[in-house]
Amino acid sequence: MSYPATSALSNRTRQSISLLINEDHPAYQWAKKQSDSVNAFGHIGTHIDCYTRVPADSHYNTDTVLLDCTQAMPSLDGIEPLELSGKSLVLFTANLENNGYGTPEYGKADTTLKSEVLDAILAKQPAFIVIDSYGIGAHGEEHIDFDKRCEGNGCFVIENVAFSSEMSDKLIELDILFDASSTSSGKRCEVTAVLKR
């Protein structure tokens, strides 16, 4: 789906923030070599994790709340005042912007939430948690467990989104489109940022 650079409202612009991976990228080559390559391909680039549930619709337009996580991931005190119901909570870590997707530095960056912070977020009923990093839980079982906890609360995690520091104070909405019929637990998605001009 493509959109004009400027929306009908002249004070807003739209910008794709999906990370597309070409065939030369090491992540693409890794996915290609996996025994379950269909599932692996769903988990590279920008995607939504759906281990136990899939969102009811394949297209969403949500208001956003952006947290600057460039110095540290949010604490309970940082979550308490937020109004998140039905919105996308955007965690801007600058991991992708600073380290590049799929690099050793990208994988080593600590962009994980503490368990009690995730519970506090989910109690506020966001529709999505969106992050410009590999996920909200540590690599391995915690990563999957955190995603499943979100799904159990009607919230879904979108990973590897190409935010930049330039758009962090301009983000208004996210337009999210994904293929719900994909058999992979990672479903590639197109995420478009609606920004103040």
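Biologist: What makes the approach of the side chain of N160 to the side chain of Y106 a polar contact?

Modeller: The two side chains come to 2.7 Å of each other, and a polar contact is a pair of N or O atoms within 3.5 Å, where within protein one must be able to donate a hydrogen and the other to accept it, and residues adjacent in sequence count only if both atoms are side-chain atoms; the value lies within that limit, so the term applies. This is a predicted model, in which local features need pLDDT of at least 70 and side-chain atom pairs count only at pLDDT 80 or more, while totals for chains, interfaces and linings use all residues. Residues are numbered from 1 along each chain as its sequence is written, and side-chain values use heavy atoms, with hydrogens and water left out.

Biologist: How do you know whether N160 is buried or exposed?

Modeller: N160, in the loop between β6 and β7, has a relative accessibility of 3%, and buried means under 20% relative accessible area, exposed over 50%, and partly exposed in between, with a 1.4 Å probe and protein chains only, so N160 counts as buried. The C-alpha atoms of N160 and I48 are separated by 9.4 Å, although the two residues are 112 apart along the chain.

Biologist: Why is strand β8 called largely enclosed?

Modeller: Eight of the eleven residues of β8 (residues 186–196) are buried, and therefore the rest of the structure largely encloses this strand; strands here are DSSP runs of E with at least two residues, helices are runs of H or I with at least four, and both are numbered from the N terminus.

Biologist: Which strands are paired with β8, and what makes each a pair?

Modeller: Two strands pair if DSSP finds at least two bridges between them. Antiparallel to β8 run β1 (residues 12–16), with five bridges, β2 (residues 47–49), with three, and β7 (residues 171–178), with seven, so each of these counts meets the criterion. Among the partners, R12 is bridged to K196, H47 to R188, and L177 stands opposite E190.

Biologist: Which residues of α7 are buried, and what puts them on the same side?

Modeller: In α7, H143, F146, D147, C150 and E151 are buried. They cover an arc of only 140° around the axis, taken from the directions from the helix axis to the C-beta atoms, which means that they lie on the same side of α7. E141 and G152, on the other side, are exposed. The buried residues pack against β2, α6, β5 and β6 (156–159), contact meaning heavy atoms within 4.5 Å.

Biologist: Are A94 and Q125, each with a positive phi, buried or exposed?

Modeller: A94, in the loop between β4 (88–92) and α4 (95–99), has a phi near 65° and, at 6% relative accessibility, counts as buried. Q125, in the loop between α6 (115–123) and β5 (128–131), has a phi of about 60°, and its relative accessible area of 52% makes it exposed.
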